[in-house]
Amino acid sequence: MAAPGSRGRSLSGLLPAQTSLEYALLDAVTQQEKDSLVYQYLQKVDGWEQDLLVPEFPEGLEWLNTEEPISVYKDLCGKIVILDFFAYCCINCIHLLPDLHALEHTYSDKDGLLIIGVHSAKFPNEKVLDNIKSAVLRYNITHPVVNDADASLWQELEVSCWPTLVILGPRGNMLFSLIGEGHKDKLFLYTSIALKYYKDRGQIRDDKIGIKLYKDSLPPSPLLFPGKVTVDQVTNRLVIADTGHHRILVVWKNGQIQYSVGGPNPGRKDGIFSESSFNSPQGVAIMNNIIYVADTENHLIRKIDLEAEKVSTVAGIGIQGTDKEGGAKGEQQPISSPWDVVFGTSGSEVQRGDILWIAMAGTHQIWALLLDSGKLPKKNELTKGTCLRFAGSGNEENRNNAYPHKAGFAQPSGLSLASEDPWSCLFVADSESSTVRTVSLKDGAVKHLVGGERDPMNLFAFGDVDGVGINAKLQHPLGVTWDKKRNLLYVADSYNHKIKVVDPKTKNCTTLAGTGGTNNVTSSSFIESTFNEPGGLCIGENGQLLYVADTNNHQIKMMDLETKMVSVLPIFRSENAVVDGPFLVEKQKTLPKLPKSAPSIRLSPVTVCAGQTLQFKLRLDLPSGSKLTEGVPSCWFLRAEGNEWLLQGQIPSGDIENISSQPTISLQIPDDCLSLEAIVSVSVFLYYCSADSSACMMKAILFSQPLQITDTQQGCIAPVELRYVF
């Protein structure tokens, strides 16, 4: 089909018809009524004299997760396509990703659905392809993403805000648009009926789009996008939010790991360390062997007890909340994308750390969790466990106000406490307004410190300028830490790739370290040092060292404030071996003996090269009516007899919790291969019962995968499907 040329129109052409549909849906009671209304709407839109056609992707745009650039009118004909207009800094865009992940889990390109991320930057830093690559990895985006750096497609369609979804039919014809987050039900309804409508007309094609995931080309790393770091002032241990590995590390000051809790995959589970899991944790705070964690994408505050070696949930219900007031007990109080946490003290004179302050990025507010009964400024006595809003209206804006509930924040992402007079405040890195603000611990008044501008609605007053107060400019700062020894505040000026220092007395903000370049210089002076979107920082060693979570460089860097030198903290296990990717802290499972009756399947050889990742997708079917046995973990094991070097640093076993959602097993081929041929085996043990539980049994199967290892760089390896019907 030819490209639309001048026939392309803006989203406003959809507005009258879609508004009528949405009003009708409000009155629909049953799912059948809703389905019918959407089907009738599509008949109407499909019958228009002229399609409302989306413009073609401009030539020369940079693409990620694809083998080559995609054309709407060459590659996407016969598909229902969802264009996700997003910016990776935007918390609302991040909130939308789980909905898109769920949709991709339900429908694939073979079903006729494809999602394409259209990255339209807000900040200049977001236009850089390498930074978008990092965001694609951080948020596990596995669909194609195009860098619409100049917002050309955004402007042609007259998109007005992040995020915006545009649903296209199989001719490139626009069908629906959804603005903002929180439309999961409509997204699934519109998509499923569009697929049915066009399948009924024979217009859906099941051909595959060439996907080449950027993450498959990366080597393993001890850390993956570490977001925040804090220090235990008593023991000098560091606590690192290893965000990309979905775990919390406790390390000694030499970098030796003492505890690894959670990971390597996202999850939401309390319990002993070997069972617990997190989802993209960010802020961490430690006191008396207790760590509190902002478990960001689980929308929870978690508690790690290092003595009991257990994880528990103290706030949040595990799904994104919209409540902007709070006041319930922590475990019953919904919260939204907590990004940082710091200990504080209620009105008593004793410094006892009985409040946990929370940067609630998802609702643009500062919240408090009462760790003991106490008082907040101008509040009555509150009982232990209460979780509530302290400052911020919930409107996304840069508004300072003497009344904390009338102030406005824009995605607050970093906190630090200066409890002593004359400061007596929380410092807040308010990322989307590109400011640092203060919140008084005495009366809650919110004041400006540096960055931004006076118009509270202008969230585009960013830059990279040293100066005083409003004349200083930052770009999406994510972290702050207070230096009590020097009465200075350090700022992770994330999108400028610098560390700034602020004197709160004079409001003077200057660059302390970072050239602004992102090439990774691992050891240098402050003047020559480089960072890549640093996300968090903390003061240790009695004020001598500033630790920085250098997020996109996957490192913790140490800034010596006396010698003015920067170095990298090595992360290693107790046996002095550098950690090569995620590792399990629990004892490895013992491989059960395969029954003689277990089938053994030898797969066709696969050619791989060093550094590539080979994925095995389990596709096992139980007899009709059966279910996995509760309480007995079905499991898989990865082995390479005679070539054990293949499994160094790999995850050798795992559980199968749900037969309808079976795991994918990854094998990263080491960079140094000791043999050019090897056989990897995957053994699976399933414990299941008949539907009425009258009979339970165990079945096993062995898959053998021959590998041919070559020096020649290979293209993307298709996942190996391990299929069997018992």
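Predicted model: local features only at pLDDT ≥ 70, side-chain atom pairs only at ≥ 80, totals over all residues.
## Domains

The protein chain is divided into three parts: domain 1 covers residues 11-215, domain 2 covers 228-568 and domain 3 covers 600-725. Between the C-alpha centres of domain 1 and domain 2 there is a distance of 34 Å. These two domains touch each other: 18 residues of domain 1 are in contact with 25 residues of domain 2.

## Cavities

Rolling a probe the size of a water molecule over the atoms shows where empty space is left. In this model, 2 cavities reach 30 Å³ or more.

Sorted by class, the lining of the largest cavity has 8 nonpolar, 9 polar and 4 charged residues.

The second largest cavity is lined by N65, V136, L137, N140, I141, T142, L213, Y214 and K215. By class, this lining has 5 nonpolar and 3 polar residues, with 1 charged residue.

## A pocket lined by strands

The model also has pockets, and the second largest pocket has a volume of about 1200 Å³. Its lining is made up of 41 residues, of which V231, Q233, V342, F343 and L417 lie nearest the centre.

Which strands supply at least two residues each to the lining of the second largest pocket? They are β7 (229-231), β12 (284-287), β17 (338-344), β21 (412-418), β26 (479-483) and β31 (536-540).

## Salt bridges

The count of salt bridges in the model comes to 26. One of them joins the side chains of K196 and D200, with a distance of 3.5 Å from N to O. Helix α6 (residues 184-200) holds both residues, and because they are 4 residues apart in it, about one helical turn separates K196 from D200. K196 is partly exposed, at 44% relative accessibility. D200 is also partly exposed, with a relative accessible area of 45%.

Are K557 and D550 buried or exposed? Both are buried, and their side chains meet in a salt bridge with an N to O distance of 2.9 Å.

Another salt bridge links the side chains of E721 and R723, at 2.8 Å from N to O. E721 has a relative accessible area of 36% and is partly exposed. R723 has 51% relative accessibility; exposed means over 50%, so R723 counts as exposed. Elsewhere, salt bridges that share partners join D464, D493, K498 and K500 into one network.

Most residues other than glycine have a negative phi, and most peptide bonds are trans.

The peptide bond from G263 to P264 is cis, and its omega is near 0 degrees. P264 sits in the loop between β10 (257-262) and β11 (271-272). A cis bond is also found from D421 to P422, where omega is near 10 degrees. The loop that holds P422 runs between β21 and β22 (425-430). Strand β21 is also one of those that supply at least two residues of the lining of the second largest pocket.

## Positive phi angles

H476 is not a glycine, yet it has a positive phi of about 55 degrees. This residue lies in the loop between β25 (467-468) and β26. With a relative accessible area of 2%, H476 falls under the 20% cut-off and is therefore buried.

H497 is not a glycine either, and its phi is positive at about 60 degrees. The loop between β27 (488-493) and β28 (498-503) is the place of H497. The relative accessible area of H497 is 5%, so this residue is buried.

Notes:
Residues numbered from 1 in each chain as written. Heavy atoms only, no water. 1 Å grid on protein atoms, 1.4 Å probe; cavity = no way out; pocket = protein on both sides within 12 Å on 5 of 7 lines; lining within 4 Å. Points joined across faces, edges and corners; volume = space filled by probe spheres on them. Nonpolar A, V, L, I, M, F, W, Y, C, P; charged D, E, K, R; others polar. Salt bridge = Lys/Arg side-chain N within 4 Å of Asp/Glu carboxyl O. Buried < 20%, exposed > 50% of the residue type's maximum accessible area, 1.4 Å probe, protein only. Domains from an automatic or database assignment. Contact = heavy atoms within 4.5 Å.
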